[in-house]
Structures are given as structure tokens and as C-alpha cells.
Amino acid sequence: MILEVAQLDIKAGQCADFERAFNEAQSIISAMPGYLSHQLQKCMEKDNRYLLLVRWRTLEDHTEGFRGSAEYQRWKALLHHFYDPFPEVEHYQLLWGNQEF
């Protein structure tokens, strides 16, 4: 299992629109091969910051499968214009602890 982590900073005044767009976009990612689960968490200290956590079966399911798909173009159209700056996406492997979240 691979955990994709992205800190999403949303342009001022656009959080409600981002949340509506994400509500639509989450059906895109959840239908992708290799997808396991996801969470979108809102920061308590910074009102325009979110943390996106996506569990994938393999790194390639995300980097090649999802990002190389036609569905990714729809994801981009729905979400990418909200980010400032554009997020850095990192991938993690579990060493210790519970895989469930």
C-alpha cells in the first residue's frame, strides 16, 4: 500500500467552491484501478489549507494509471485552478502501525 499525501492551499475566498468541486471529483479518483481509499482533511489553524490522503495499491496505480488516464484530465479541470501554490505530492510506505484510516 502507498499513501499519497498532498497539502492543498486554496486561493482566498474559494474554499466553499473547492469543497463542492472536490465532492464531485472524489467519484473520479475512487473509480480508478488500484485506488483503496481517500480522506480530505481541513486544517484547523489555516482556514484555506487541506490535506489530501489517498491510499493506492501501488505507486504506479497513482503515477501512471491515474495521472495517465482521461479521468485525470477531468480531475485537473475540476480542482487544479483552486491551488496557490500548486501542491507538491509525496508518496509514503507504512513502516509501523495500523494501515487503516
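This report walks through a predicted model, from its strands and helix to its core and a few individual residues.

Residues are numbered from 1 along each chain as its sequence is written. Because the model is predicted, local features need pLDDT of at least 70, side-chain atom pairs count only at pLDDT 80 or more, and totals for chains, interfaces and linings use all residues, while side-chain values use heavy atoms, with hydrogens and water left out.

**The strands**

Let's start with the strands, which, like the helices, are DSSP runs numbered from the N terminus (helices are H or I with at least four residues, strands are E with at least two). Two strands are called paired if DSSP finds at least two bridges between them. β1 and β3 run antiparallel and are joined by eight bridges. Along this pairing, Ala 6 has Leu 52 of β3 as its bridge partner, and Asp 9 has Arg 49 of β3. β1 also pairs with strand β4 (residues 89-93), again in the antiparallel sense, over five bridges; here Val 5 stands opposite Glu 90 in β4. β3 in turn pairs with β2 in the antiparallel sense over seven bridges, and the bridge partner of Tyr 35 is Trp 56 in β3. β2 and β3 form a hairpin, with six residues between them.

How much of β1 is buried? Six of its eight residues are, so β1 is largely enclosed by the rest of the structure. Buried here means under 20% relative accessible area, exposed means over 50%, and partly exposed lies in between (1.4 Å probe, protein chains only). β3 is mostly covered too, with six of its eight residues buried.

**Helix α1**

Where is the kink in α1 centred? The kink, of about 30°, is centred on Glu 24; the bend at a residue is the angle between axes fitted to the seven residues ending there and the seven starting there.

The buried residues of α1 are Cys 15, Phe 18, Ala 21, Phe 22, Ala 25, Ile 28 and Ile 29. They pack against β1 (2-9), β2 (35-42), β3 (49-56), α2 (59-66) and α3 (70-79).

**The nonpolar core**

A nonpolar core is a set of buried Ala, Val, Leu, Ile, Met, Phe, Trp, Tyr and Cys residues joined through side-chain atoms within 4.5 Å. The largest one has 23 residues, and those with the most contacts inside it are Leu 8, Ile 10, Phe 18, Phe 66, Trp 75 and Leu 79. β1, α1, β3 and α3 each supply at least two residues of this core, and α1 gives the most, with seven residues.

Leaving aside residues up to four places away in sequence, Trp 75 touches Phe 22, Ala 25, Gln 26, Ile 28, Ile 29, Leu 52, Phe 66 and His 80, where contact means heavy atoms within 4.5 Å.

His 38 is in strand β2, and His 91 lies in strand β4. His 91 counts as partly exposed, at 30% relative accessibility. Not counting residues up to four places away in sequence, His 91 touches Ile 2, Leu 3, Glu 4, Leu 59, His 62 and Thr 63. His 91 and Thr 63 are 28 residues apart in sequence, and their C-alpha atoms are 9.9 Å apart in space.

| Histidine | Partner | Polar contact |
|---|---|---|
| His 38 | Gln 26 | 2.9 Å |
| His 38 | Tyr 35 | 2.5 Å |
| His 91 | His 62 | 2.8 Å |

**Loops**

Cys 43 sits in the loop between β2 and β3. Is Cys 43 buried or partly exposed? With a relative accessible area of 24%, Cys 43 is partly exposed. Pro 85 is found in the loop between α3 and β4, and a cis peptide bond joins Asp 84 and Pro 85, with omega about 0°. For context, most peptide bonds are trans.

Technical notes: A polar contact is a pair of N or O atoms within 3.5 Å; within protein, one must be able to donate a hydrogen and the other to accept it, and residues adjacent in sequence count only if both atoms are side-chain atoms.
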